[in-house]
Amino acid sequence: MAPPGREYGGVAACSTAERAIALTVPLGERQVSSALKVSSVTNGNPRPIVLAKGSVRATIPAGGRSAAFDREPVAGTWTLRADLAAGESCDDALRAVASRLTFRVGFGCGE
Amino acid sequence: MAALDQIKTIVVVIMENRSFDHVLGYLSLPRYGGRTDVDGLVNLDTDPRFASEYDHQIYRPFPMADGPLLHDLPHSRREIAVQLAVSGGTPTMSGFVRAYVEASHSIVEQPPPLGYLTPDSVFMSDFLARNYLVCDHWFAPLPTDTQPNRVMAFTGSATVDDTKSRIIPHRNLVFDWLTRRGVRWRAYHCGFSFFPLFGEFDHILGGNFHSMRQLASDIASDDDDEVPQVIFVEPEYGDSPVHFGFSPNDNHPPDPIGPGEHFLRDIYTALSSSPRWAQTMLVVIHDEHGGFFDHVAPLPVKIPVPAGALYQEPFVTTGVRVPALIASPFVRGGTCYRGNLDHTSLLQLFAEKFAGDRRAYSDDVNRRLDQGIESVSSVLSREARRDVPAAPATAVSVTQVLRSTKPIINENQKALLLAGQKLLAHDRARAIRQFPELVHLQS
């Protein structure tokens, strides 16, 4: 059985200079208990993302999982970044992800 | 002979306030047949197009059993702008939960705007989709609520951008257009009609308006030279100020959709059991999406604010997709039409059929045609089919709407109340003969 979890994210912005789509997701008490710890992170986007929180950073393939954030608090500020492919425009990249970036966090109370 | 020439009667039914994904999106789900020809629901757990965001949390569509909702869903012009969530000039269709929370102040795991129905709730729409034709790119003409979208359907021009208690200013009313061209038309209504809102009371009381109870017998008894060439069939509106003999069956939330499904079955059965079915086209659409989610962005269709309009900001897109079904011997069974249509596609159809030129309705309609809105005639196939599928006998759990004795008074209810009072003042005796329930109105 999959652990309890929740999908986070939203509408992302694309930077031609950075050649990336990016989104910041601040998760505070309104969204999540400070006691919850990460048990898994999944990238549901149709392209790889670089996911970061504090000093932890991981590149997760499309549809892939990462254990890099295990036991980290779910609360905090997460950043998502998806690089544009060579020659790809911002419009095309945004269309490919329906202007959204999301990630799914499995969580538990940890110890 | 072209299919359109062979069609003698066009029947139009406009229901209320449901989106395409909410009613017919399930057609694309594997467990319901996985139709790849329909742009519906797919990969709901992962496809970003189905992710709605509120407060950085993602909400996804979920199956919803038919039944009354706690309240109506947000769908004013301002609220729809929130739902479309335009980013970089592109509607992302990610704001349905945000609009709901802002309107209801309620955050729940399964927000009602993201509910989708399944065949057991929409047995008649499912029957029509499987045996006739789905239009999966039929859009409400305007990203706003009931009155403006119905005005577009019946005039081709947007003189109002919201729903308010008033007689609606208009030009090129479809009844006038049809009458000028000698086209026989009739409107069937359950209870009180929407059309008195246009204030042209002599049309309403002039003999072209019949009770829905007469539909089957009229079809059976009309002589060839009296059969209407255009028929509008109206449901019992939930917003009607009085109900007498009919309970709401217009699909408008918070009422359930079951009664509307029975209403559609009655219409289809009456039409398809007549020998004239061979020359008939039934078009069933919804006036607007009513706040339910849809994943397809509205079309960029820009129209200037018309003279005499009661608003200043022009519309630059269509509204959200709505469920649209077409039944006729001249459509192939179980097919989907992908072309872009909206309610003014009906006016193009009338122009094509009765004036020989799809540009003959009005400049307002042509402006939309020039931006890619097609005529309904695009869906017709050349060859007529001979089979007449029988409507299902399936009973659904919700067949009648039970109303509280003190319904909420919203703007459309106020508008219909005003129209009823004005109709009574115009000719009380004829008004009550046409709409007996008006006797209960306080003047």
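# Briefing on chains A and B

Chain A contains one helix and nine strands. The model described here is predicted. In sequence order, the elements of chain A read β-β-β-β-β-β-β-β-α-β. Chain A has a radius of gyration of 14 Å, close to the 13 Å that the globule rule gives for 111 residues, so chain A is as compact as a globular protein of that length. Chain A touches chain B through 19 of its residues, which meet 15 residues of chain B.

**Overall form of chain A**

- Along the principal axes, the C-alpha atoms of chain A occupy a box of roughly 45 × 25 × 25 Å.
- Of the 111 residues in chain A, 35% are buried.
- Among contacts in chain A with a separation of 6 or more, 72% link residues 24 or more positions apart.

**The five-stranded sheet of chain A**

- Five strands of chain A make an open sheet with antiparallel pairing, in the order 2-3-8-5-6.
- Strand 2 (13–15) and strand 6 (56–60) of chain A are its edge strands, each pairing on one side only.
- On average, and with direction ignored, neighbouring strands of this sheet are turned by 25 degrees against each other.
- Strands of a sheet pair through backbone hydrogen bonds, either parallel or antiparallel.
- Within this sheet of chain A, strand 3 and strand 8 (residues 76–83) run antiparallel and are joined by eight bridges.
- A:Leu27 has A:Gly76, in strand 8 of chain A, standing opposite.

**The side of chain A that touches chain B**

- The contact between the chains involves 19 residues of chain A and 15 residues of chain B.
- Strand 1 (5–11), strand 3 (20–27) and strand 9 (100–108) of chain A each contribute at least two residues to the side of chain A that touches chain B.
- Strand 1 of chain A gives the most to that side, with six residues.
- By residue class, the side of chain A that touches chain B comprises eight nonpolar, seven polar and four charged residues.

**Nonpolar cores**

- In soluble globular proteins, nonpolar side chains tend to be buried together.
- The largest nonpolar core holds 107 residues, and B:Val11, B:Val283 and B:Ile326 have the most contacts inside it.
- Neighbours within four places in sequence aside, B:Val11 is in contact with B:Ile231, B:Val233, B:Leu271, B:Thr280, B:Met281, B:Leu282 and B:Val283.
- A second, separate core has 45 residues, and its members include A:Phe103 as well as B:Ala51, B:Leu73 and B:Leu114.

**Helix 4 of chain B**

- Helix 4 (residues 96–104) of chain B has B:Phe96, B:Val97, B:Arg98, B:Ala99 and B:Tyr100 as buried residues.
- The elements covering the buried residues of helix 4 of chain B include strand 2 (52–54), strand 3 (57–59) and helix 3 of chain B.

**B:Leu70**

- B:Leu70 is located in the loop between strand 4 (62–63) and helix 3 (77–84) of chain B.
- B:Leu70 counts as exposed because it has 10 C-beta neighbours inside 10 Å, and the cut-off for an exposed residue is 12 or fewer.
- B:Leu70 and B:Arg166 are 96 residues apart along the chain, and their C-alpha atoms are separated by 27 Å.

Note on methods. Residues numbered from 1 in each chain as written. Chains lettered and ligands numbered in written order. Predicted model: local features only at pLDDT ≥ 70, side-chain atom pairs only at ≥ 80, totals over all residues. Contact = placed C-beta atoms within 7 Å. Helix = DSSP H or I, 4+ residues; strand = E, 2+ residues; numbered from the N terminus. Nonpolar A, V, L, I, M, F, W, Y, C, P; charged D, E, K, R; others polar. Core = buried A, V, L, I, M, F, W, Y, C linked by C-beta atoms within 7 Å. Buried ≥ 20, exposed ≤ 12 C-beta atoms within 10 Å, placed from the backbone. Rg over C-alpha atoms; globule rule 2.2 N^0.38 Å. Pairing = 2+ DSSP bridges. Axes fitted to C-alpha atoms, helices over the stretch in contact; angles between N-to-C directions.
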